[in-house]
Structure formats: C-alpha cells, structure tokens
Amino acid sequence: MKHSHHITRHHNHRGFTLVELLVVIAIVAALAALTFSVAGKMMLKAEKAACTGLIKNFSLAIVSYESDYNRMPLPNHKYQDWDTILGDPGGNYSTEPLVKILIGSDDLTWSENTGDTFDMSHLNPGGEVYLENNISYAKKEGGLKEDGKLYDPWGREMMFAFNSRIADHDINPISIGQHDEILHTWGLAEWSEIKPGYEGFVIWSYGHDGIKGKGDSAAFNGSDDVKSF
C-alpha cells in the first residue's frame, strides 16, 4: 500500500507595519517636494530668461528708433522736460503710446485717463516698424497684448524710464529728474546696490513676486527682478 504524504506549506503574509507605512509616505512626500522645488526653480529661470529676451527686443527697437530720429519714442507732453516713466506700477503714462510708435501704427493719437490727448503723427512719419505687432494671447507669455500695452511673462505691465536729457544749467531744477542728464526713476528702478546713471532709457520688471528687490534692503542680487542695465 502506498502512502501519500501531503506537505503543508505555511505562507507568512506579513503586511506593512504602521511605522513602515509612515516611512514610505515620508519618503514619497520628500521626493515630491524636491521635484516641485526643482521644477519651480527651473520655471522661474525660464520666465526670467524670457523676460530678459523681451527686454533685449524692446531695447533694440528703441535704439533703432533713436538712431533714425535722434530722439526717444515719446510723445510731447506737459512733463517732457522731466524724465518720464511708462508702465505700472508708478508710471506717468502707460506703455500704449510707445507701442503705437514702435509698431508704425496708423493710429498715432493717444489719450490718457486724465483727459489729455496727444498727437504723435510726427514721431514716426515713415511708418517704420521697429517692433513686430505680434499679439500674445498666452497668459504666461510676455509681450504685446490686446490692450496695446507691453507685459512681462508674469502678466504685469513692463516698466520703462526715459531720460529727457534736456540739460539747462541756467535753470535751477525744482526737483530731481528735471533739466539734468542723470536718469531718475524716483526709486522705482533703484535697488540698494545699483541704480540708473546716464542711460538714455532703462527697462525693468519686478519678477514673479511683483516686489522690488530681496530682503529689507531691497537688493537686486538674489531677487527675481530683471533689468536692462
């Protein structure tokens, strides 16, 4: 008679303990945080690079215009013997007139909310195109938008400061930025370690956070701000 021997195998199905599960969750969370941090830094770097590219394009357009007309692309206005700031926050005017001049627009009239109206037809009589009239519809893409203004990659209006360069040493200026050759921005484009000097114009953005500089001293170094000088 043959005897059958049945071997019984005992399988030990042991699940994760609570401590092990918590360790796994902590590791996954740390890796996710590291990934988001690296991705965020890369995104900010790409946005700053895009903003730098915009500033270079705008600068080239302004320099080309100045070379042709021997003046800055600004309409005559009641503060024309003062340094002028375009853009927001803090500008005297918007960037709309600058756009109209540089794209060679047929409509060279411009009105401000103050009710002032300016005729700019003499500023680009040849209709030369210094800036391509390519409207950007993407939210996270700077450049010319539908409202006719110039924006940075973070959706805020770019800021421009123009030097009037009307130097009259016989006139005692009532304030900085009038009848002198230094470009003044009244603190807007001035950081703790740097500010404009004799530039004809400067362009800048306060970056992703929209705040000028970094730290209590508003330093440019270490901030996400972008500037042309």
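Visitor: Does Trp-186 count as buried, partly exposed or exposed, and at what relative accessibility?

Guide: Trp-186 counts as partly exposed, at 37% relative accessibility. Keep in mind that this is a predicted model.

Visitor: Where does Trp-186 lie?

Guide: Look in the loop between strand S6 (159–162) and strand S7 (201–205).

Visitor: How do I read a backbone angle such as phi?

Guide: Start with the general idea. Most residues other than glycine have a negative phi, and most peptide bonds are trans. Now the case here. Trp-186 has a positive phi, near 55°.

Visitor: What is phi of Asn-70?

Guide: Phi of Asn-70 is near 55°, again a positive value in a residue other than glycine. Asn-70 sits in the loop between H1 and S1. Its relative accessible area is 70%, so Asn-70 is exposed.

Visitor: Which peptide bond is cis?

Guide: Go to the bond from Asp-88 to Pro-89. That bond is cis, with omega near 10°. Pro-89 belongs to the loop between strand S1 (84–86) and helix H2 (96–102).

Visitor: How many helices and strands does the protein have?

Guide: There are two helices and eight strands. Read from the N terminus, the order is α-β-α-β-β-β-β-β-β-β.

Visitor: How much of the protein counts as buried?

Guide: Of its 229 residues, 39% count as buried. The protein exposes about 14100 Å². Carbon and sulfur atoms supply 56% of that area.

Visitor: How do I read contacts along the sequence?

Guide: Take contacts between residues at least 6 apart in sequence. In this protein, 58% of them join residues at least 24 apart.

Visitor: Which residues touch the most other members of the largest nonpolar core?

Guide: They are Phe-58, Ile-62, Leu-102, Leu-150, Phe-160, Phe-162 and Ile-203. The core has 32 residues. H1, H2, S6 and S7 each give two or more residues to this core. H1 supplies the largest share, seven residues.

Visitor: Which residues does Phe-160 touch?

Guide: Leave out residues up to four places away in sequence. Phe-160 then touches Phe-58, Ile-62, Thr-84, Ile-85, Leu-86, Thr-95, Leu-98, Leu-150, Val-202, Ile-203 and Trp-204. There is also a second, separate core of 12 residues. Ile-85, Met-159, Ala-161 and Trp-204 are among its members.

Visitor: How do I read empty space?

Guide: Rolling a probe the size of a water molecule over the atoms shows where empty space is left. In this structure, a search of the whole finds one cavity of 30 Å³ or more. About 40 Å³ of space lies in the largest cavity.

Visitor: Which residues line the largest cavity?

Guide: The lining is Asp-88, Pro-89, Asp-152, Arg-156, Glu-157, Met-159, Trp-204, Ser-205 and Tyr-206. By class, four are nonpolar, one is polar and four are charged. Asp-88 and Pro-89, from the cis bond, are both in this lining.

Visitor: How much space lies in the second largest pocket?

Guide: About 210 Å³. Two elements give two or more residues to its lining: helix H1 (18–69) and strand S4 (143–144). H1 gives the most, with three residues.

Visitor: Which lining residues lie nearest the centre of the second largest pocket?

Guide: Leu-54, Phe-58, Leu-131, Glu-132 and Asn-134. The lining has 14 residues. Seven are nonpolar, five polar and two charged.

Technical notes. Residues are numbered from 1 along each chain as its sequence is written. This is a predicted model: local features need pLDDT of at least 70, side-chain atom pairs count only at pLDDT 80 or more; totals for chains, interfaces and linings use all residues. Side-chain values use heavy atoms; hydrogens and water are left out. On a 1 Å grid over the protein atoms alone, a cavity is a set of points where a 1.4 Å probe fits but cannot get out, and a pocket is an open set with protein on both sides within 12 Å along at least five of seven lines; lining residues have an atom within 4 Å of a point. Grid points are joined across faces, edges and corners, and a volume is the space filled by probe spheres set on the points. Helices (H or I, at least four residues) and strands (E, at least two) are DSSP runs, numbered from the N terminus. Ala, Val, Leu, Ile, Met, Phe, Trp, Tyr, Cys and Pro count as nonpolar, Asp, Glu, Lys and Arg as charged, and the others, Gly among them, as polar. Buried means under 20% relative accessible area, exposed over 50%, partly exposed in between (1.4 Å probe, protein chains only). Contact means heavy atoms within 4.5 Å. Accessible areas come from the Shrake-Rupley method with a 1.4 Å probe; for residues, only the protein chains shown count as cover. A nonpolar core is a set of buried Ala, Val, Leu, Ile, Met, Phe, Trp, Tyr and Cys residues joined through side-chain atoms within 4.5 Å.
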